[in-house]
Amino acid sequence: MVAKAGVFVTGVRRVKTSKSEHFAICDGGSNLHSAAAGQGFMRRNFPFSLVPRDAGAEPRAVGRWTMTGPLCTPMDVILSQVETPAPQPGDLICIHQSGAYGASASPVDFLGFGGPAEVLVEGETLHLVRAAPHWQARLDAQRPQPVPAAAAEHGAAAGLV
């Protein structure tokens with residue numbers, strides 16, 4: 001069974017122009033949607049829509065934009081040279097037909113960003129399936145903990161301790 005399912009929604013954090021190319025830097029990218037960035041696949045643009053932060057604002061100039069994620073790699077591109085009204089900070093970029101494997105097949109822990117919130121849409125109702133981790137909880141999980149005795153014995157037997 002095949003269907004057009006799943007939408008990856010990411011927020012625009014800032015915009016910039018470099019060497020005459022327009023970029024919108026989003027809070028999620030290849031770390032949350034590796035397929036949109038072409039990791040492991042042939043790179044192509046997914047169908048998308050832009051949801052303005054202020055729906056009642058004046059129409060914006062249309063141009064060619066590249067949408068990137070927050071990572072420090074030039075491969076963190078989720079849309080390349082797409083024709084769209086100029087994105088602004090606070091706008092949402094919706095990548096349609098994202099499928100079921102966005103978070104589970106992406107390197108969500110790369111650079112410590114963590115996974116996204118996951119929301120199920122059922123008719124007109126939204127259900128939070130999984131909340132995005134808070135940065136403090138991610139740091140707290142990294143605190144040194146005592147190793148259980150059985151694991152310590154195995155580590156010693158393997159020459160790790």
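In the predicted model, a salt bridge joins the side chains of D27 and R13, with an N to O distance of 2.7 Å. The two residues come from distant parts of the chain, 14 residues apart: R13 belongs to strand β1 (residues 8-18), whereas D27 is placed in the loop between β2 (21-26) and β3 (48-51). R13 is exposed, its relative accessible area being 55%, while D27, at 33%, is partly exposed. Side chains of opposite charge can pair when their charged atoms come close.

A second salt bridge connects R60 with D91, and here the closest N and O atoms are 2.3 Å apart. Because R60 lies in the loop between β3 and β4 (62-68) and D91 in the loop between β5 (77-85) and β6 (92-95), this pair ties together parts that are 31 residues apart in sequence. R60 counts as partly exposed, with 24% relative accessibility. D91 has a relative accessible area of 0% and is therefore buried, the limit for this class being under 20%.

A salt bridge is also found between the side chains of E118 and R130, at 3.3 Å from N to O. E118 is part of strand β7 (residues 118-122) and R130 of strand β8 (residues 125-130), so the pair ties together parts that are 12 residues apart in sequence. The relative accessible area of E118 is 27%, which makes this residue partly exposed. In total, the count comes to 5 salt bridges, among them the pairs D27 with R13, R60 with D91, and E118 with R130.

A disulfide is a covalent bond between the sulfur atoms of two cysteines. The search of the whole structure finds 0 disulfides. As for individual cysteines, C72 is exposed, with a relative accessible area of 66%, whereas C94 counts as buried at 10% relative accessibility.

The strand arrangement was then examined. Strands of a sheet pair through backbone hydrogen bonds, either parallel or antiparallel. In this model, an open sheet is formed by 6 strands, which follow the order β3-β6-β1-β2-β4-β5 with mixed pairing. From one strand to the next, the twist averages 35°. Within the sheet, β1 and β6 pair in the antiparallel sense over 4 bridges. I93 in β6 is the bridge partner of T10.

Leaving aside residues up to four places away in sequence, L79 touches R43, N45, F46, F48, W65, T66, M67, I93 and I95.

Terms used: Residues numbered from 1 in each chain as written. Predicted model: local features only at pLDDT ≥ 70, side-chain atom pairs only at ≥ 80, totals over all residues. Heavy atoms only, no water. Salt bridge = Lys/Arg side-chain N within 4 Å of Asp/Glu carboxyl O. Buried < 20%, exposed > 50% of the residue type's maximum accessible area, 1.4 Å probe, protein only. Disulfide = S-S within 2.5 Å. Pairing = 2+ DSSP bridges. Axes fitted to C-alpha atoms, helices over the stretch in contact; angles between N-to-C directions. Contact = heavy atoms within 4.5 Å.
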